[in-house]
Amino acid sequence: MHRIDFVALQEPFLSSDQIDDYRNKLGYDNAVSNARSKNGCFWNSNLTCTVKSKRRQQITFHIHHTNNDNNFWFTIVYARSRAIKRRRLWNKLRSLSRQIHAPWSIAGDFNSIMTTEEKSGGNPHCLSKSTDFISCMEECGMTDPGFTGSPFTWCNGRSRGRRISKRLDGVLMNEEWDEAFNSVRIDHQSKTGSDHKLLLIRCTNDRQKVIKYFKFLNFWTDREDFLSLVESCWNTNVQGNPMWILQQKLKALAKSLSRWSRDTIGDVQENVKQMEENTRLQEEAYDLDDSEENRQELHKSQAEYIRWLKMQDSILKQKARVKWAEEGDTNRRKKISHFTDITTKVLTKAGGWQGRFLSHGGRAVIIKHILQSQTLHLLAAMVPPITVMNQIEMMENEWNWNQTCYIAESYKPTLRSIMVTWVKPEDDNWKLNSDGSCMMTLGKAGDGGIVRRRSGDMVMAYANPIQFLTKNFSELQDALCGIEWCCEQQFNKLTVELDSLLVVQMIQGKVKPPWRLHKDISIIREKVMKRNIEVRHCFREGNTVADSLAKHATNILENKLYLQEEELPWGTKGYLRMDKLQIPSFRIKATKHSGWFFEPP
């Protein structure tokens with residue numbers, strides 16, 4: 001028998017009166033349930049549980065254990081069955097992670113899995129379905145502590161051939177939880193009257209009995225005052241035999257370094273979180289007011305954030321080496337996605353070609369990515385366990401490399417050209433062509449656009465240097481700038497063309513935008529609906545004027561507004577006159593081969 005201090009039930013479907021009856025029957029002192037009674041929680045009086053967040057898919061507690069004076073956070077989740085509904089849960093957990101800087105564990109039914117090994121039966125699992133779940137847990141800093149028992153916690157209960165089993169339920173925890181408890185064990189118990197298995201979490205904490213030894217951190221040597229401190233401690237006069245002198249100097253140096261690190265550096269993890277928050281606030285300030293002062297403050301904040309990240313990275317690398325040296329392959333407390341999905345990525349790279357024709361680009365990509373990039377990018381970071389290496393080696397041996405080389409050598413692509421010109425608007429319409437440019441190596445970005453009549457004559461053009469973030473951000477800022485100007489001029493019949501199909505689909509509502517772009521997308525959608533503006537996609541060869549202005553914007557320091565053709569940059573004038581004369585550009589592509597059909601093993 002186990003003495004359970006806290007119990008969480010999934011889908012108890014109990015009213016407020018019924019949950020009190022169950023609390024009395026189970027012998028607990030307190031109980032709470034969330035909306036629609038998806039989660040019901042019961043706990044004893046030795047725990048002081050404060051509900052910090054209660055939604056349909058989760059309940060988050062701040063818990064104080066009165067017996068050992070521990071404080072920690074605990075979240076019980078019951079995720080919705082549809083992926084789009086689960087995104088609300090992931091977003092809420094991300095929000096909580098920015099508020100919680102203490103031991104934190106998330107447990108319950110996630111209705112998602114992280115690797116293909118966590119599913120048995122049915123169709124093979126597509127990892128793209130798990131992207132939201134995995135990215136959320138990584139952003140929250142969660143790790144998988146492992147488990148004992150069956151690898152699957154849910155089963156559809158059907159007969160052989162139609163039976164599907166998954167590890168839908170689990171327990172994840174952050175690094176602070178791992179440090180607060182010296183022993184954590186998760187047991188998958190047998191099923192009793194449910195299609196889900198019972199999870200038993202056992203945490204013990206006897207840290208007071210453990211001697212805390214001095215740990216030397218490698219990044220200390222990069223500090224300017226490190227050598228002077230060591231020299232000062234080492235020059236201390238100590239009397240006795242040589243071994244006694246050495247032992248006393250090392251002891252004094254360890255105390256001095258610990259005190260120096262605590263006073264001058266502090267808690268690296270906390271400082272990283274603080275710098276991250278400061279950088280986020282500076283980014284928001286710069287988005288609202290892109291002044292030179294705010295730009296300098298943002299760069300200072302980013303530089304300071306990077307400096308602390310390097311310290312954190314050094315500590316994590318040092319910890320990783322210690323754990324692998326001590327525990328080898330048995331160390332299961334590793335960051336999510338370090339090794340568990342390496343073999344899956346190799347197999348996905350290979351299996352992704354199934355059912356497709358091997359094109360001219362495809363043959364080069366498959367050889368490069370399978371033969372070279374997998375080894376270079378996935379295996380170069382740190383030495384994987386021997387089991388992972390054996391799995392990859394088995395898959396590599398099964399691959400038909402002779403067939404791949406034969407197809408690559410035999411294939412001759414067929415080129416197809418498309419004539420592209422600037423498309424004139426209707427008689428009484430105006431057309432806005434816009435584009436964004438990002439120079440990744442220089443960290444520069446700009447947007448440019450032009451408004452024209454049917455004749456091709458310029459009404460207005462602009463080139464604006466903007467904050468360097470992403471290509472899609474540049475495209476959106478550019479379109480927003482042009483649309484706002486046209487709305488101010490009362491242009492009722494306006495057509496907007498962008499050469500980014502993804503951005504066009506975001507504006508049209510066909511693709512959900514990332515949170516960073518959601519504000520700009522909402523503003524553009526509102527103006528498009530209000531002014532009856534048409535937004536459509538065009539080839540980049542038909543958007544050369546806007547592309548030229550966007551590239552020019554990366555080399556200037558302030559916004560430029562052009563109202564006369566003579567004011568335009570020299571190169572842009574040429575593209576504008578080519579569009580007026582309807583001189584075409586040519587879009588050349590290699591067609592897919594129809595003679596070779598490629599199937600991976």
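Helices here are DSSP runs of H or I with at least four residues, strands are E runs of at least two, and both are numbered from the N terminus. With that in hand, meet helix 3, which is followed by G141, a residue with a positive phi near 75°. You're looking at a predicted model, where local features need pLDDT of at least 70, side-chain atom pairs count only at pLDDT 80 or more, and totals for chains, interfaces and linings use all residues. Residues are numbered from 1 along each chain as its sequence is written, and side-chain values use heavy atoms, leaving out hydrogens and water.

**Helix 3**

- Helix 3 spans residues 131-139, and its buried residues are F133, I134, C136 and M137 (buried is under 20% relative accessible area, exposed is over 50%, and partly exposed is in between, with a 1.4 Å probe and protein chains only).
- Those buried residues sit within an arc of 165° seen down the axis of helix 3, so they line one face of the helix (the arc is taken from the directions from the helix axis to the C-beta atoms).
- Their cover includes helix 2 (83-97), strand 7 (104-109) and strand 11 (169-173).

**Salt bridges**

- The structure holds 21 salt bridges, each one a side-chain nitrogen of Lys or Arg within 4 Å of a carboxyl oxygen of Asp or Glu.
- R167 and E118 pair up at 3.2 Å, N to O; they link distant parts of the chain, 49 residues apart, with R167 in the loop between strand 10 (165-166) and strand 11, and E118 in the loop between strand 7 and strand 8 (119-120).
- Both R167 and E118 are buried.
- R202 meets D187 with their closest N and O atoms 2.4 Å apart, joining strand 13 (residues 199-204) to strand 12 (residues 183-188).
- D187 is buried because its relative accessibility is 6%, while R202 is partly exposed at 31%.
- Within helix 7 (residues 268-288), R280 and E277 lie 3 residues apart, about one turn of the helix, and their closest N and O atoms are 2.3 Å apart in a salt bridge.

- Most residues other than glycine have a negative phi.
- N532 has a positive phi of about 55° and is not a glycine; N532 sits in the loop between helix 15 (518-531) and strand 20 (534-537).
- N532 counts as exposed because its relative accessible area is 66%.
- Q582, also not a glycine, has a positive phi near 60°, and Q582 lies in the loop between helix 17 (570-580) and strand 22 (585-591).
- At 28% relative accessibility, Q582 is partly exposed.

Notes: Contact = heavy atoms within 4.5 Å.
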